[in-house]
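Subject: Handover of a protein structure

Dear colleague,

Please find below the structure that I am passing on to you.

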Amino acid sequence: MTKPDLCPGTANIRTPTLRIKLCPNCGGEVEIFSTDTEVSCPGCGFEIYNNLESCIQWCKYARDCVGEDNFQKFKK
């Protein structure tokens, strides 16, 4: 199998982007990168999960496209 071209659907995994989410527990701002699966709120410690939707779940080329470490991290 030849390595596929990198698809645009995994751009935020290959090059992390930062999002600010509000903690549902205390309302504080929480920084979460697109490559984080979860982070703790700095204000109260509540676990915030990244609701990443990606083609990693179904694409047969995902492992080659994002690399083994990211593939294992997001396949769970």
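I begin with the cysteines. Cys23 is buried, because its relative accessible area is 3%, under the 20% cut-off for that class. The closest cysteine sulfur to that of Cys23 belongs to Cys44 and lies 3.7 Å away, which is too far for a bond, since a disulfide requires two cysteine sulfur atoms within 2.5 Å. The structure as a whole contains 0 disulfides. Cys59, with a relative accessible area of 22%, is partly exposed.

Please bear in mind that this is a predicted model. The mean pLDDT of the protein is 82, and 86% of the residues reach a score of at least 70. Among the elements, strand 2 (residues 29–33) has the highest mean pLDDT, at 94, while helix 1 (residues 11–14) has the lowest, at 75.

As to the overall architecture, the protein has 3 helices and 4 strands. Along the sequence they follow the pattern α-β-β-β-β-α-α. The protein has 76 residues, of which 28% count as buried. Of the contacts with a separation of 6 or more, 30% are between residues 24 or more positions apart.

Although Arg19 and Ile32 are 13 residues apart in sequence, their C-alpha atoms are 5.4 Å apart in space. Leaving aside residues up to four places away in sequence, Arg19 touches Val30, Glu31 and Ile32, as well as Asn50 and Asn51.

Ile20 also has its place in strand 1, which covers residues 18–22. With a relative accessibility of 46%, Ile20 counts as partly exposed. Together with Leu18 and Phe33, Ile20 makes a nonpolar surface patch of about 270 Å².

Two loop residues may be considered next. Gly27 is found in the loop between strand 1 and strand 2, and its relative accessible area of 43% makes it partly exposed. Between the C-alpha atoms of Gly27 and Cys41 there is a separation of 9.5 Å, the two residues being 14 residues apart along the chain. Thr35 lies in the loop between strand 2 and strand 3 (38–40). Is Thr35 buried or exposed? At 14% relative accessibility, Thr35 counts as buried. Not counting residues up to four places away in sequence, Thr35 touches Asn12, Ile13 and Pro16, and also Lys73 and Phe74.

Finally, I turn to charged side chains. How many salt bridges does a search of the whole structure find? The search finds 1 salt bridge. In this salt bridge, the side chains of Glu68 and Arg63 meet at a distance of 2.6 Å, N to O. Glu68 is partly exposed, at 37% relative accessibility. Arg63 is likewise partly exposed, at 39%.

With kind regards

Methods
Residues are numbered from 1 along each chain as its sequence is written. This is a predicted model: local features need pLDDT of at least 70, side-chain atom pairs count only at pLDDT 80 or more; totals for chains, interfaces and linings use all residues. Side-chain values use heavy atoms; hydrogens and water are left out. Patches are made of residues with over 30% relative accessible area and no salt bridge: like charges are joined within 9 Å, nonpolar side chains (Val, Leu, Ile, Met, Phe, Trp, Tyr) within 5 Å. Accessible areas come from the Shrake-Rupley method with a 1.4 Å probe; for residues, only the protein chains shown count as cover. A salt bridge is a side-chain nitrogen of Lys or Arg within 4 Å of a carboxyl oxygen of Asp or Glu. Buried means under 20% relative accessible area, exposed over 50%, partly exposed in between (1.4 Å probe, protein chains only). pLDDT is the predictor's confidence in each residue, from 0 to 100. Contact means heavy atoms within 4.5 Å.
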